[in-house]
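Subject: Structure handover

Hi,

Here is the structure you will be working with. Please open it first, then read my notes below.

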Amino acid sequence: GHDQDEELIVFRPWKNKGPAYVNVDSSSKEGIIRAQELGLVPSGLADIIFTNNPKFAIEHLYDEQHKGRVMGLFRHPVDRLVSKFYYL
């Protein structure tokens, strides 16, 4: 898979329109470390990085020269409980 790539590659499924994707997995600590080693943030290839571990990503991807902004999306606690109830 792309977890073995030794350079950052941008994939654009619709040529010049729509989103572009970079070959890193920011959902795991290993993927964040790999993104750090490949220089994801200094490259400027990613406008947005989604992760379920923002503290780890901030500590490993950003520095004084490359700062980012954090945005959090949260569901209402009652909605989460009702959803979990019907899921189980």
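The largest nonpolar core has 9 residues in all: Leu8, Val22, Ile32, Ala35, Leu40, Val41, Phe56, Ala57 and Leu61. A nonpolar core is a set of buried Ala, Val, Leu, Ile, Met, Phe, Trp, Tyr and Cys residues joined through side-chain atoms within 4.5 Å. Buried means under 20% relative accessible area, exposed over 50%, and partly exposed in between (1.4 Å probe, protein chains only). Helix H1 (29-38), helix H2 (40-43) and helix H3 (54-61) each give two or more residues to this core. H3 gives the most, with 3 residues. Helices (H or I, at least four residues) and strands (E, at least two) are DSSP runs, numbered from the N terminus.

Two notes on the source. This is a predicted model, where local features need pLDDT of at least 70 and side-chain atom pairs count only at pLDDT 80 or more, while totals for chains, interfaces and linings use all residues. Residues are numbered from 1 along each chain as its sequence is written, and side-chain values use heavy atoms, with hydrogens and water left out.

Leucine 61 touches Ile32, Ala35, Gln36, Val41 and Ile49, leaving aside residues up to four places away in sequence. Contact means heavy atoms within 4.5 Å.

Now look at H1. Its buried residues are Gly31, Ile32, Arg34 and Ala35. They sit on the same side of H1, because they cover an arc of only 160° around the axis. That arc is taken from the directions from the helix axis to the C-beta atoms. The buried residues of H1 pack against H2 and H3. Exposed Glu30 and Glu37 are on the face turned away from the buried side. Just after H1, glycine 39 takes a positive phi of about 75°.

How many aromatic pairs are there? The count comes to 1. The rings of phenylalanine 85 and tyrosine 86 have centres 5.2 Å apart and planes at 80°, so this pair is edge-to-face. Rings of Phe, Tyr and Trp (its six-membered ring) pair if their centres lie within 6.5 Å; planes under 30 degrees apart count as stacked, over 60 as edge-to-face and the rest as tilted. Phenylalanine 85 counts as exposed, at 59% relative accessibility. Tyrosine 86 also counts as exposed, at 67%.

Best wishes
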